[in-house]
Amino acid sequence: MFDRVLIANRGEIACRAIRTLQRLGIVSIAVYSDADKNAEHVKAADIALPLGGEKASDSYLRIDSIIDAAKQSGAQAIWPGYGFLSESLAFADACEQAGIVFVGPTAQQIGEFGLKHRARELAAQAGVPMTPGTGLLNSLDEALRAAEEIGYPVMLKSTAGGGGIGLTRCADAEALQLAWESVRRLGEQFFSDAGVFIERCIDRARHVEVQIFGDGLGNVVALGERDCSLQRRNQKVVEETPAPGLPESTRTALLASAVELGKLVNYRSAGTVEYIYDAEQDAFYFLEVNTRLQVEHPVTECVTGLDLVECMLRVAAGDSIDWERLQRPPLGAAIEVRLYAENPLKNFQPSPGVLTHVSFPENVRVDSGVTTGSEVSAFYDPMIAKLIVHAQTRDQALVKLREALDATQLHGIATNLDYLRQIVASEAFTQGSVWTRMLDTFTPATAAIEVVQPGTWSSVQDHPGRPGYWDVGVPPSGPMDDFAFRLANRIVGNHASAAGLEFTLQGPTLQGPTLLFHSDTTIALTGADCHAELDGQPVAYWQPVAVKAGQTLVLGRAQSGCRTYLAVRNGIDVPCYLGSRATFALGQFGGHAGRTLKVADLLPISRPELAACTTPAPERDPQPLAAGLIPEYGENWHIGVLYGPHGAPDFFTQESIDEFFASEWQVHYNSNRLGVRLTGPKPAWTRPDGGEAGLHPSADRNAVRDTIFDASYLILGLGDVYLGAPCAVPVDPRHRLLSSKYNPARTFTAEGTVGIGGMYMCIYGMDSPGGYQLVGRTLPIWNKFLRNSQFKQDEPWLLRFFDQVRFYPVSEEELDRLRDDFREGRATIRIEETEFDYAEHLRFLAQNATDIAQFRERQAAAFSEEVARWQLDEQPQPEEIVLPVADAVDDGALAVNADMNGNIWKVLVQAGDEVIAGQPLVIVEAMKMELAIHAPQAGRIKRIGCQPGRPVSPGDALLWLEQ
């Protein structure tokens with residue numbers, strides 16, 4: 001047996017092969033593209049080597065790169081899997097020339113069976129029943145004559161095709177003429193072979209195939225048949241063994257014909273002989289031979305107990321094979337379904353992205369290349385996993401399969417999971433009466449809401465959100481207006497924990513090209529008054545509203561209040577993160593995909609009958625809300641507060657505090673979910689500076705650098721700037737650099753940034769605003785998907801109270817690599833268990849008291865000098881001249897008014913410009929977002945009455961528009 005084997009593949013099949021290699025004690029060598037550097041097969045392998053590139057043509061199809069990787073790693077053999085180079089004659093030849101064993105059939109077998117017209121010749125020679133057809137065709141005229149003799153409909157096929165490429169059904173001569181050049185072109189484009197041939201088309205055909213295995217010396221066995229009839233666009237979706245409803249005599253003849261074909265060529269390794277089966281005539285016909293292991297091989301392994309990868313390795317290595325075991329009859333029934341990252345409601349278009357939650361049941365076989373946090377690449381096939389069940393009978397296997405699918409959880413991107421649930425529950429599949437084109441007319445339905453326009457800031461929230469994590473910097477999130485949100489759930493009868501939607505300022509338009517709600521349901525709208533229409537008809541708030549599948553809900557801007565809520569019966573089905581479904585957009589977790597809603601998002605509605613559903617079922621029938629419970633949203637609010645701790649006389653004068661409580665405060669336009677900023681009287685302070693939290697650096701650049709690397713920072717708090725960010729102070733007072741904070745704060749600070757504020761050190765746990773002085777960047781201290789073992793289970797924060805942190809210098813290139821490796825678990829940091837001895841610390845302070853005091857004196861003197869320089873540099877600033885918003889009404893012109901508090905960020909038009917209805921005219925900054933004011937109608941800009949930088953309030957006229 002080999003010592004080292006390279007796997008020339010990726011994803012689930014590479015992971016599956018690695019398991020066999022590791023069980024056999026063989027060193028597994030993975031290769032990967034740039035897009036796959038964090039993939040599961042890379043982590044699972046003993047050795048992983050980069051191929052470079054992202055597209056398959058630049059990586060997994062590069063024969064030279066894979067041969068080089070095999071030589072570099074000392075691989076004795078290459079196992080190709082399926083797809084990519086698995087059926088490449090050139091690759092098999094290149095392996096042989098390099099002295100590396102190709103784990104598969106011989107190059108000659110790959111070449112002959114790879115050309116379908118040659119495969120037909122061999123099959124006929126072996127006595128395999130043939131579909132009426134032709135050899136290679138030389139012209140369209142020849143094809144038309146042959147089709148007339150065979151009889152329409154016919155299949156026009158590329159001789160080198162595969163995976164449904166270069167395969168077209170032609171119902172008549174006209175269709176054949178239209179398809180001729182297209183099929184030839186596809187063959188040339190994908191397989192470098194424009195050869196084509198014709199076969200009779202059996203419209204209600206089943207696809208049945210036989211798994212064969214040979215030793216290359218004339219010994220060939222059939223390991224049972226598989227029914228792969230359920231296909232979509234000629235790609236298999238569900239596979240099973242044995243084929244249901246197949247007469248035993250037919251099965252015997254089918255297996256025997258496959259064996260005869262294998263023996264004819266002394267077939268080596270695993271292969272599949274595929275047939276078309278005409279159930280009405282009980283007749284089977286040769287289709288093609290796949291000279292590789294098939295995607296659906298697990299069902300054969302389930303009923304035979306064999307490991308086909310191990311069998312392939314043993315034959316390739318020249319080891320003996322247990323032929324007696326290979327000839328045992330299969331036992332039981334097995335079914336496989338393929339899970340794809342694709343959207344059935346969007347014509348199965350691929351849906352790449354991050355899987356925010358992945359969970360499979362434990363009592364079934366799952367061949368998968370993903371886990372929670374895996375990114376599904378846009379560069380490769382969208383299959384992410386295969387789910388396989390095995391039982392004594394087909395009926396038992398079918399029950400097991402349905403239960404397994406109902407328990408499977410896939411979140412973050414659209415998948416075909418619910419589509420598969422519906423297929424295996426269909427009457428046709430239950431009875432085993434399927435055919436290859438059945439799914440063409442199978443219309444999937446799903447309980448979901450499709451987002452066409454997301455609005456300004458829309459998110460999934462739940463109540464009470466995520467309490468209990470403030471001590472590590474995780475805010476509770478949840479609905480800002482929790483009363484209105486809870487009432488919405490009550491109206492539709494939901495359990496109190498059900499997730500709903502929060503819309504800020506401007507609601508979304510929830511609709512696909514023709515659909516919005518993809519199933520009948522009941523909704524309720526509450527919160528801010530925001531005009532809503534369902535298929536053009538006004539929708540009332542604070543009461544249940546019945547919605548039919550295909551109806552469209554449109555929300556406008558909030559007229560009073562700020563946030564509108566939508567509850568849907570059963571709730572929105574999103575995974576829990578740290579105990580809540582609420583979205584924390586800055587932290588990039590919770591809700592749908594850890595963010596606010598985007599165009600084309602598909603929001604599943606919870607289905608309590610499924611084992612995968614974690615939302616409790618509704619508690620009552622929908623019912624309107626009593627009028628007395630409906631809140632009123634005004635513009636003046638009286639808020640009770642707790643006084644302190646930063647009050648008079650330590651920080652503010654008593655007069656300033658009195659004025660604080662006596663004054664009216666206005667909500668600043670840049671208030672948002674992070675906090676409500678108020679504008680009002682300027683405070684009067686009782687101290688000239690902020691003490692140790694407000695001084696400036698008092699050492700030069702090199703001294704600061706040395707101090708940062710010499711210091712040991714003791715963590716006294718977490719979550720200073722969210723997500724486990726430490727508030728840490730140097731243990732040695734002589735290492736305490738004193739610095740001011742930015743005021744106003746930066747709008748952006750990169751995750752991993754190290755900052756100093758006052759004497760405190762902080763590491764930013766996420767991209768966020770910030771005010772600390774920046775001194776460097778380090779590793780991520782928050783691991784959202786817990787992909788590094790140094791983070792505790794269910795605790796994605798690295799640091800703990802009273803930890804001590806030390807830094808060491810690295811280059812920018814090293815940091816980039818270490819950050820990625822640490823996030824993905826390929827790198828760790830040195831963690832030493834120590835004990836902070838407070839008594840020893842006091843002794844240290846006493847022993848160094850003189851030096852510490854001298855350090856503080858120098859620091860204070862430097863600060864005094866710097867303050868003096870500030871005072872010298874201070875120059876009186878001219879008062880900002882703000883032009884008032886013009887409020888005169890122009891006769892015959894339509895005033896376009898502001899409808900929110902904000903600040904004019906940009907005026908996009910000039911007087912005299914012609915505009916169309918819906919065109920953006922002015923950008924207003926509010927809630928740290930840019931919101932457009934659109935033209936209500938077409939016309940010409942007559943006059944502009946606003947300017948950038950000026951605050952505006954609802955009703956202020958911004959410009960005038962005339963027709």
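Two strands count as paired if DSSP finds at least two bridges between them. Helices (H or I, at least four residues) and strands (E, at least two) are DSSP runs, numbered from the N terminus. V915 stands opposite G939 in β47. Strand β47 covers residues 939-944 and is joined to β44 by two bridges. The two strands run antiparallel.

The structure is a predicted model, in which local features need pLDDT of at least 70, side-chain atom pairs count only at pLDDT 80 or more, and totals for chains, interfaces and linings use all residues. Residues are numbered from 1 along each chain as its sequence is written, and side-chain values use heavy atoms, with hydrogens and water left out.

The pLDDT is the predictor's confidence in each residue, from 0 to 100. Its average over the protein chain is 91. A score of at least 70 is reached by 95% of the residues. Residues 509-515 have a pLDDT below 50. Beyond near neighbours in sequence, this stretch has 26 contacts in the model (contact: heavy atoms within 4.5 Å). Residues 693-698 also stay under 50. For them the model has 20 contacts beyond four places in sequence. Where pLDDT is low, the predicted coordinates should not be read in detail.

Pairing of β44 with β47 belongs to an open sheet of four strands. The order is β42-β49-β47-β44, with antiparallel pairing. At the edges stand β42 (894-897) and β44 (914-915). Each has a single partner strand, so one side of each is left without a neighbour in the sheet.

Two helix pairs were examined. Helix α3 (residues 63-73) packs with helix α4 (residues 89-97) at an angle of about 30 degrees. Their axes are 11 Å apart. Axes are lines fitted to C-alpha atoms, for helices over the stretch in contact, and angles run from 0 to 180 degrees between N-to-C directions. α3 and α4 are therefore roughly parallel to each other (angles under 35 degrees). I63, I66 and I67 of α3 meet A90, F91, A94 and C95 of α4. By class, this contact has seven nonpolar, no polar and no charged residues. Nonpolar means Ala, Val, Leu, Ile, Met, Phe, Trp, Tyr, Cys and Pro; charged means Asp, Glu, Lys and Arg; the others, Gly among them, are polar.

Helix α5 (residues 107-114) and helix α6 (residues 116-125) pack at about 100 degrees, with axes 5 Å apart. They are therefore roughly perpendicular (65 to 115 degrees). E112, F113 and G114 of α5 touch K116, R118, A119 and L122 of α6. This contact has three nonpolar, one polar and three charged residues.

Definitions and conventions. Parallel < 35°, antiparallel > 145°, perpendicular 65-115°, else oblique.
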